[in-house]
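Biologist: Please take one residue of this model and look at it closely. Then carry on from there through the rest of the structure. Keep it brisk.

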Amino acid sequence: MMTVFSPAGSIRRRLVVILLVVAAVLAGLLFVSVRTVANTAVETTQDAILGAATVAIAEELRGGEDGLTIDIPYAAFSMLGATGQDRVFYRILVGAETVTGYADLPLPDAPLSGLKPTFFSQQYDGDVVRTGAVSRSVLVDGRSQIVTVLVAQTRTAQDAISRQMANQAATLGLGFFAFAAILSIFTARSVLTPLNRLAEAMGRRGPQDLRPVDRAVPTELAPLMQALNGFIARLRGALTRTETFITEAAHHVRTPLATVRVQAEIAMRQTDDDALRATLRNIIRAVDDSARSAGQLLDHATVVYRADQRADELVALGPLVLDVVDSFSPTADMRDIALRVDAPDEVIALQFDRLLIESALRNLIDNAVKYSYADSIVDVQLSTDGTFAKLQVLDRGRGIGDGNSVQLVARFKRGENVGDVVGSGLGLTIVRDVTRAIGGSFDIKERQGGGTCAILLLPLA
Amino acid sequence: MRHIIIAAGLTLWASIAGAYEIEEEAVFEGGEAELSILSTTDTEVFAPLIAAFQASNPGVTLRYTVATSQQVFAALQEDAAFDLAISSAMDLQLKLANDGFAVPHASTETAALPDWARWRDQLFAFSQEPVVIIASKAAFDGKPPRTRAELIDVLRDDPARFVGRIGTYDPMISGAGYLFATQDARQSDTSWRLAEVVGGLNPKLFTTSGSMISEVQSGELALAYNVLGSYASQRLSGGDAVMIEALDFTHVLLRTALIPRTAERADLGATFLDFLLSAEGQQLVENETGMPRINEAALAAGPHLRPIRLDPGLLVFMDPLMRQQFLNEWTAAVVQD
């Protein structure tokens, strides 16, 4: 009876998501910084060329008797834009008067100073242009005049290089992200390995296994381990106390019941009154049933307790079966039920706690006898296939009715067709617990032609 | 057969729309849609291409207008409506594209062009023509010069033989002449020395390659300098005049096309451009017009061949002040009164 957990999220998913988010942020930062650095580098380079062109023109300006002469070096324009694919505009002014070039090319906002060119970007003729501007003092007609040179180029080449850089930066970012994603999955897996191993080890435990968990775990799991072991210890304590209580209770009930039974038998022998005898007989039956239930409770407690702390030994199954069947002979004889044992000559040996096996056998055969009709046969068949010992108990009783075998073996659950027979509902539970502890299997089903067929498979020693 | 109307002869006449002048206009009737091309290339040279284009694009009437490269430039600067502008003046075309007069166009055909044969998806070259020297073998005793240095030596050795018999473009009038002269000047100092030497020989200045070739063939000229090879190769065969690709360097002119921003049927302009650049169009350019197709392998095979780069460097000599200075220097060197 497992409680189905609805997990509140997954640590691995959380870990992976967090790592991916971190990776994405880092990849984004990488992309942005690579782009920024690349753009700055490209712009600086382009400005350097633009500046060289501007200065080259300014250097060739000559004052003279008959006004200003200019000599634009061919290379000054030819070299603009690495690919030669940029539009080029220029403007040369003497004072505020444009002497040549594009007269509407905008001037810089701030006045120019020094020998170094100034750069600025603006819109011109439908394109964004980068302008380099430099001014010189030139002697024209014997007067010192400020001559300004502006050279502007569109940013086609720069944009193309920037786009290429952006693509490379994006590829780099994506590559980084993909790499980080793979790493994060591995990391999550690696981090969760101890936890998974612990969960697996706990999952493999049998239902009765209440030993403390003794595993080397990472520091972070130590508190969980301590809490788990503390819990297990408390559970064991509680179980032990319960079983002890049941044992004590059964014991304390059985002793006075035996006394009552003896007293009732003595009384029956001493009276001739039929009505009284009938009453006494009922009392004896009731006492018997109570004693049986108490016995089964005791058995069950024993099984639960001993499954935990077993005294394993080599048990020969054949003689044990015969012994148990023998012990039922008086009860069976009273109702004319024949008990037939069919066991092979070879020794079928199990490595297990003798008391537990005996208790399982007793309960099986007790059930078979109890639910058999008078004057019928109960067959106990023992066989082996080399790996498992197979014990079948077959009766011609009332069968298991509509209830399925899983329900029947539940504690205090009884079949729906047994209302008239006294029972505790513990018998099959005991059988199941023993089978589990030994690592075998137990099945109970309708027998062909009526009755019940109980099959016990127990691993050989 | 297509009905071809030659609307105007070889007379210069002012167009109605603007101040630019055209030389000739031909309408190749096809259908409702009209594609108008402004070009520096003569109608008869382009006619086979136009016929092939109309064969694969039926329903297109093609108006083909011929003007000088300066007038093509002027027309587009005045925003005259043409769907395609074809010119041999690379500098003017690049200036138009740089100043925003062209619209971009991208297709598989333009993408297939080598990088040096296009600029910004706006300017596309469809032929490469070496700028050559035409020499009369007789004038050079059967040993025409192979480099500019050799030419200078020959001219210096026997100036009397060449006085008045050297021809070249007048860069003040001819756009192509100006482009060749400026490219020469920037390529090497030898060209200035050559200009000085030629200047001492009272050179004759021309405005077209054709007339120079004719005069060499007729023996009036001993040598014509900076002639478009495509015109020459068609007309020189077996005669006295030979075509020389100078081995020190020979510029290669790229004939370019652009789609003006004023195009009314830019789609048709683009279709014609793609046709020009397609394998079929290129084959026709080479076989029917005599203009060599764009061919990277041919350039690689001739180490002396220098295609004039389609880049903003071409803008330098478009500057009015630069132009004035250059022409002053050139005149001082060549026109020695």
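This is a predicted model: local features need pLDDT of at least 70, side-chain atom pairs count only at pLDDT 80 or more; totals for chains, interfaces and linings use all residues.

Modeller: Leaving aside residues up to four places away in sequence, L356(A) touches T302(A), V303(A), R306(A), A307(A), R310(A) and V434(A). L356(A) itself sits in helix α8 of chain A, which covers residues 354–371. Is L356(A) buried or exposed? The relative accessible area of L356(A) is 0%. The cut-off for buried is under 20%, so L356(A) is buried. Now compare sequence with space. Q226(A) is 130 residues from L356(A) in sequence, and the two C-alpha atoms are 33 Å apart.

Next, the domains of chain A. The assignment gives three: domain 1 spans 14–164, domain 2 spans 212–309 and domain 3 spans 311–461. Between the C-alpha centres of domain 1 of chain A and domain 2 of chain A lie 100 Å.

Strand β5 of chain A, residues 143–154, holds I146(A). The relative accessibility of I146(A) is 47%, so I146(A) counts as partly exposed. Which residues does I146(A) touch, not counting those up to four places away in sequence? They are L93(A), V94(A), G95(A), S135(A), R136(A) and S137(A). V34(A) is 112 residues from I146(A) along the chain, and 41 Å separate their C-alpha atoms.

Now the annotated segment. The unreviewed UniProt entry lists residues 172–192 of chain A as "transmembrane region". In the model, that stretch of chain A is 100% helix and 0% strand. The C-alpha atoms at the ends of residues 172–192 are 30 Å apart.

A loop of chain A comes next. G206(A) lies between α3 (156–204) and α4 (222–270) of chain A, in the loop. G206(A) has a relative accessible area of 35%, so it is partly exposed. G206(A) and R436(A) are 230 residues apart in sequence, yet their C-alpha atoms are 8.3 Å apart in space.

Backbone angles deserve a check too. Most residues other than glycine have a negative phi. D336(A) is not a glycine, but its phi is positive, at about 55 degrees. D336(A) belongs to the loop between α7 (329–334) and β7 (338–342) of chain A. With a relative accessible area of 54%, D336(A) is exposed. N226(B) also has a positive phi, near 65 degrees, and is a residue other than glycine. N226(B) is in strand β13 of chain B, residues 223–228. The relative accessible area of N226(B) is 6%, so N226(B) is buried.

How many residues meet between domain 1 of chain B and domain 2 of chain B? On the domain 1 side there are 17, in contact with 21 of domain 2.

Last, helix packing in chain B. Two packed helices are described by the angle between their axes and the distance between the axes. Take helix α8 (residues 190–199) of chain B with helix α14 (residues 320–334) of chain B: the angle is about 50 degrees and the axes are 7 Å apart. α8(B) and α14(B) are therefore oblique to each other. From α8(B), the contact uses W192(B), A195(B), E196(B) and G199(B). From α14(B), it uses F326(B), E329(B), W330(B), A333(B) and V334(B). By class, six of the residues in the α8(B) contact with α14(B) are nonpolar, one is polar and two are charged.

Helix α7 of chain B, residues 175–187, also packs with α14(B), at about 80 degrees and with the axes 12 Å apart. α7(B) and α14(B) are therefore roughly perpendicular to each other. α7(B) contributes Y178(B), A181(B), T182(B) and A185(B) to this contact. α14(B) contributes M322(B), R323(B), F326(B), L327(B) and W330(B). The contact of α7(B) with α14(B) has seven nonpolar residues, one polar and one charged. F326(B) and W330(B) of α14(B) take part in the contact with α8(B) and in the contact with α7(B).

Methods:
Residues are numbered from 1 along each chain as its sequence is written. Chains are lettered from A and ligands numbered from 1 in the order in which they are written. Side-chain values use heavy atoms; hydrogens and water are left out. Domain bounds come from an automatic or database domain assignment. Axes are lines fitted to C-alpha atoms, for helices over the stretch in contact, and angles run from 0 to 180 degrees between N-to-C directions. Helices (H or I, at least four residues) and strands (E, at least two) are DSSP runs, numbered from the N terminus. Angles under 35 degrees count as roughly parallel, over 145 as roughly antiparallel, 65 to 115 as roughly perpendicular and the rest as oblique. Contact means heavy atoms within 4.5 Å. Ala, Val, Leu, Ile, Met, Phe, Trp, Tyr, Cys and Pro count as nonpolar, Asp, Glu, Lys and Arg as charged, and the others, Gly among them, as polar. UniProt positions are given in the numbering used here, feature names are shortened, and annotations may be inferred rather than shown by experiment. Buried means under 20% relative accessible area, exposed over 50%, partly exposed in between (1.4 Å probe, protein chains only).
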